[in-house]
Amino acid sequence: EVLEKLTSLTLIETAELIKQIETTFNVSACLPTNTIAAISAPATQKLQESEEKTEFNLVLEGVPADKKIAILKVVRTLTGLGLKEAKDLVESTPKNIKENVTKDEVQAAKKQLEEAGAKVTIK
């Protein structure tokens, strides 16, 4: 009977009822801040875990002079650039070789460049 009455109340009537209960029983309908923190901490942790990075950039950091031609070939293969564009990219390090790609793709490209002698980082 009480639940039926409560579900039929409007928002204004509900707000007035809450005020009356707070004054009559000398209580507060607000949660203490430490309770809020305890409730929200697990939710925040789950949110951070679900926001794991899914897109990566591969940055060419350095090119040894004696490995330049081998690295240039790999860069052309990975990017599809022409000879001049790839040469300009290799000579203007640090430069992004791959942007916003999957973890597997960026690791495969990193492996190819490192085998050719380049210094690369994943960001």
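In what order do the three strands form an open sheet? In this predicted model, for which local features need pLDDT of at least 70 and side-chain atom pairs count only at pLDDT 80 or more, totals for chains, interfaces and linings use all residues. Residues are numbered from 1 along each chain as its sequence is written, and side-chain values use heavy atoms, with hydrogens and water left out.

The order of the open sheet is β2-β1-β3, with antiparallel pairing; strands (E, at least two residues) and helices (H or I, at least four) are DSSP runs numbered from the N terminus, and two strands pair if DSSP finds at least two bridges between them. Because β2 (95-101) and β3 (119-122) each have a single partner strand, they stand at the edges, and one side of each is left without a neighbour in the sheet. Strand β1 (residues 56-62) runs antiparallel to β3 and is joined to it by four bridges, and Leu60 has Val120 in β3 as its bridge partner.

Helix α6 (residues 103-116) packs on this sheet, touching β1, β2 and β3, and its direction makes about 15° with that of β1; contact means heavy atoms within 4.5 Å, while axes are lines fitted to C-alpha atoms, for helices over the stretch in contact, and angles run from 0 to 180 degrees between N-to-C directions.

Helix α4 (residues 68-79) packs with α6 at an angle of about 160°, the axes lying 8 Å apart. In α4, Ala70, Ile71, Val74, Val75 and Leu78 meet Ala109, Gln112, Leu113 and Ala116 of α6.
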